[in-house]
Amino acid sequence: MASTAAGKQRIPKVAKVKNKAPAEVQITAEQLLREAKERELELLPPPPKQKITDKEELNDYKLRKRKGYEDNIRKNRTIISNWIKYAQWEESLNEIQRARSIYERALDVDHRNITLWLKYAEMEMKSRQVNHARNIWDRAITILPRANQFWYKYTYMEEMLGNIAGCRQVFERWMEWEPEEQAWHSYINFELRYKEVEKARTIYERFVIVHPEVKNWIKYSRFEERHGYIAHSRKVFERAVEFFGEENIDENLYVAFAKFEERQKESERVRVIYKYALDRIPKQQAQALFKNYTMFEKKFGDRRGIEDVIVSKRRFQYEEEVKANPHNYDAWFDYLRLLESDADPDAVREVYERAIANVPPIQEKRHWRRYIYLWINYALYEELEVKDPERTRQVYQACLELIPHKKFTYAKMWLMYGKFEIRQKNLPGARRGLVSFFYFYVCRISLQPILLIIISTLKGTAIGKCPKNKLFKGYIELELQLREFDRCRKLYEKYLEFSPENCTTWIKFAELETILGDVDRARAIFELAIGQPRLDMPEVLWKAYIDFEIEQEEYDNTRELYKRLLQRTQHVKVWISYAQFELSIDSSDRLQRCRQIYEEANKGLRSCEEKEERLMLLESWRDYEQEFGSDGSRERVKKLLPEKVKRRRKLTAEDGSDAGWEEYYDYIFPEDSANQPNLKLLAMAKMWKKQQQQEDEVEENEQQSPQAEDEDESVEGSLAAEKESGESMDEKKVPESTYDDRADDKEGGGGGGGSSSSSSSSSSKSESEDEQPSKKDKCGDSDKE
């Protein structure tokens with residue numbers, strides 16, 4: 001580098017790259033090398049050829065080459081390639097003795113180099129020095145017995161030389177080291193090339209002991225089969241099955257054994273082999289076995305055989321599932337359904353016993369529901385399929401003894417047990433089973449309350465808080481089918497002692513007495529029923545009692561019942577039903593009685609807060625008058641109908657904040673309006689205020705449109721007419737705002753009580769909401785005036 005005057009080095013200027021964007025065409029190193037190769041820019045001239053013309057020049061050439069090889073070896077003796085090149089060069093000059101000396105010197109350096117031994121032996125074999133080659137192979141296999149290349153080369157050389165005995169001897173020496181499988185196969189193939197089948201069999205016997213694998217046993221059997229020794233082949237398979245046993249069982253062995261028997265047309269043997277294997281091999285390890293068994297049955301079996309294969313496969317799956325989770329009752333159901341189709345009672349019974357042995361660990365009914373159905377299916381199977389009544393009875397009894405009745409029970413089991421005994425024509429046994437249940441539950445409730453309280457206290461829980469309604473109904477139905485009506489009466493009595501609030505039971509009991517023709521007894525049952533302090537469906541019971549009296553044509557009793565019912569409730573449906581009853585009676589004064597009931601109902605419902613019920617009554621009355629009444633009565637009822645008005649009321653959220661407004665519909669009855677004179681005054685004030693506003697607007701527009709005066713006069717005339725008539729204005733004008741003001745004055749902005757709300761959230765800004773504040777201000781002014 002150039003230096004400055006001060007002696008400092010000058011820093012070279014770096015060229016500034018203006019465009020740093022990548023080139024459109026990218027050049028890689030591979031492309032550069034390829035272009036250089038194509039152009040051949042670095043061609044070297046070939047070395048000059050040296051022609052040796054006499055022996056002296058040849059000796060000089062040999063000396064130089066030997067000196068170069070020796071120098072390379074002297075530099076680094078461990079580079080075996082230098083030794084091999086040196087020896088091969090000497091071999092090319094037919095200097096075998098020198099090459100042998102070089103190989104020996106190299107072996108002194110590294111005697112474990114496989115390549116060195118191979119090159120040395122190949123040189124001797126090329127030179128046809130057989131004994132030297134044998135000597136080298138013997139030394140190699142002695143030093144490196146695990147190097148299979150030496151053995152392969154050695155045996156190949158002996159076989160090529162025709163020394164069969166020597167080759168066999170080498171193989172025997174090799175087999176003593178127990179080499180890999182391919183070495184054994186080479187030995188076997190060597191013997192087979194010379195038709196020595198017995199010696200090959202002996203080698204196979206040693207082979208399967210040294211390498212005891214399934215595939216080697218299969219190869220041994222195929223060897224015997226290939227040479228026509230069928231009995232020997234079958235014996236090999238049998239020995240293999242015995243050798244591996246059940247601990248190390250493999251599906252491939254059984255598949256090969258079955259295919260061998262299939263080739264020999266032994267179908268029964270094949271089927272036995274497959275079944276034997278399927279019974280012992282786990283499901284996840286027998287996929288190929290199932291597949292081959294299915295294919296075999298499709299080719300040689302019948303429908304039954306194919307079904308057996310499928311059943312066996314599914315059976316393995318279910319076995320694994322129930323082993324993984326014994327309380328998986330759904331898996332047990334599927335498993336049992338599969339076995340029941342197989343029609344083997346002993347096997348099915350065994351699986352049922354295994355299934356019911358898995359009792360739920362928790363005594364809660366929801367955990368027992370699926371489990372109880374195992375018992376039910378077991379009993380039905382024994383009764384319907386096996387047709388063993390005695391065993392079925394034992395199943396029912398065992399199940400009933402197992403259920404913890406002190407905590408819960410299953411009425412279905414009791415009923416099924418009773419029906420089973422009836423099917424067996426053992427009526428006393430059926431009753432004894434059901435009655436024992438009733439005495440266990442019902443009698444302890446009614447006859448021994450003190451004892452039960454003591455027992456419950458001692459045990460900490462109430463024993464059997466309630467018997468099953470389903471069981472009562474089933475037992476009663478059973479006795480009805482047997483026409484044992486006295487027993488039905490007793491059962492109904494016990495049932496009602498246990499559950500007196502059950503209206504359905506009272507009705508059914510009365511219906512039974514009615515069917516039997518004992519009307520007084522049925523009426524007494526109804527009287528007892530309506531006299532109960534607590535009922536679950538009293539309206540149904542009263543209706544049934546009334547219908548009963550109507551059927552008996554006891555109309556006075558029916559009227560008395562309606563009156564007693566109306567003393568308890570003033571429901572509108574009761575009044576309507578009462579009126580329709582009077583209308584349905586074929587008598588001369590039925591219309592008058594019906595109208596009188598409507599009159600009483602209207603008076604009674606005036607104080608009712610539910611205005612919809614009162615409206616429902618008036619609509620029913622109106623329909624009646626339209627069909628049977630006169631013009632005057634129709635007009636009278638029409639005047640009683642309410643007026644439907646739309647109102648608004650404030651909504652308050654749970655936290656007390658304002659939640660907006662909602663719209664709802666209210667009903668204004670004329671009878672109520674007559675009792676409130678202030679309503680008319682408020683309406684007139686509202687009308688006057690509106691008239692004042694209209695007069696102001698008319699004065700402003702008087703000069704612009706003379707037609708407005710005529711309109712104002714017509715408005716004043718209509719307003720004056722409405723004042724004189726006192727009638728309510730249109731729903732959208734006066735009544736809505738007026739009654740809203742009345743409701744706001746009374747309730748402070750809330751809606752009237754008893755109105756039906758057809759609400760829509762007032763958060764949406766509608767025109768009616770925008771107009772409402774002005775209306776309210778007007779209403780306030782009218783109130784002040």
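User: In this predicted model, how are helices H29 and H30 oriented to each other, roughly parallel or roughly antiparallel?
Analyst: H29 covers residues 555–568 and H30 covers residues 572–584. The two helices pack at an angle of about 165°. Angles over 145 degrees count as roughly antiparallel. H29 and H30 are therefore roughly antiparallel.

User: What is the hand of the crossing of H29 and H30, and which residues of H30 make the contact?
Analyst: The crossing of H29 and H30 is left-handed. On the H29 side, the contact is made by Tyr555, Thr558, Arg559, Tyr562, Lys563, Leu565 and Leu566. From H30 come Val574, Trp575, Ser577, Tyr578, Phe581 and Glu582.

User: How many residues in the contact of H29 with H30 are nonpolar?
Analyst: By class, the contact of H29 with H30 has two polar and three charged residues. The nonpolar residues number eight.

User: How far apart are the axes of H11 and H12?
Analyst: Two packed helices are described by the angle between their axes and the distance between the axes. For H11 (residues 214–226) and H12 (residues 230–244), the angle is about 165°, so the two are roughly antiparallel. The axes of H11 and H12 are 7 Å apart.

User: What is the hand of the crossing of H11 and H12, and how many nonpolar residues does their contact have?
Analyst: H11 passes H12 in a right-handed crossing. Residues of H11 that meet H12 include Trp217 and Ile218, and those of H12 include Phe237 and Phe243. The contact of H11 with H12 has three polar and three charged residues, and its nonpolar residues number ten.

User: Where is Asp344 found, and is it buried or partly exposed?
Analyst: Asp344 is in the loop between helix H17 (329–342) and helix H18 (345–356). Its relative accessible area is 34%. Buried means under 20% and exposed means over 50%, so Asp344 is partly exposed.

User: Which residues does Asp344 touch, not counting residues up to four places away in sequence?
Analyst: Asp344 and Val386 are 42 residues apart in sequence and 9.7 Å apart in space, C-alpha to C-alpha. With residues up to four places away in sequence left out, Asp344 touches Leu339 and Tyr381.

User: In which sense do strands E1 and E2 pair, and which residue in E2 is the bridge partner of Arg648?
Analyst: E1 (residues 643–652) and E2 (residues 658–668) pair in the antiparallel sense over nine bridges. The two strands form a hairpin with five residues between them, and Gly656 in the turn has a positive phi of about 90°. The bridge partner of Arg648 in E2 is Glu663.

Terms used: Residues numbered from 1 in each chain as written. Predicted model: local features only at pLDDT ≥ 70, side-chain atom pairs only at ≥ 80, totals over all residues. Heavy atoms only, no water. Pairing = 2+ DSSP bridges. Helix = DSSP H or I, 4+ residues; strand = E, 2+ residues; numbered from the N terminus. Axes fitted to C-alpha atoms, helices over the stretch in contact; angles between N-to-C directions. Parallel < 35°, antiparallel > 145°, perpendicular 65-115°, else oblique. Left-handed = near helix turned anticlockwise from the far one by under 90°. Contact = heavy atoms within 4.5 Å. Nonpolar A, V, L, I, M, F, W, Y, C, P; charged D, E, K, R; others polar. Buried < 20%, exposed > 50% of the residue type's maximum accessible area, 1.4 Å probe, protein only.
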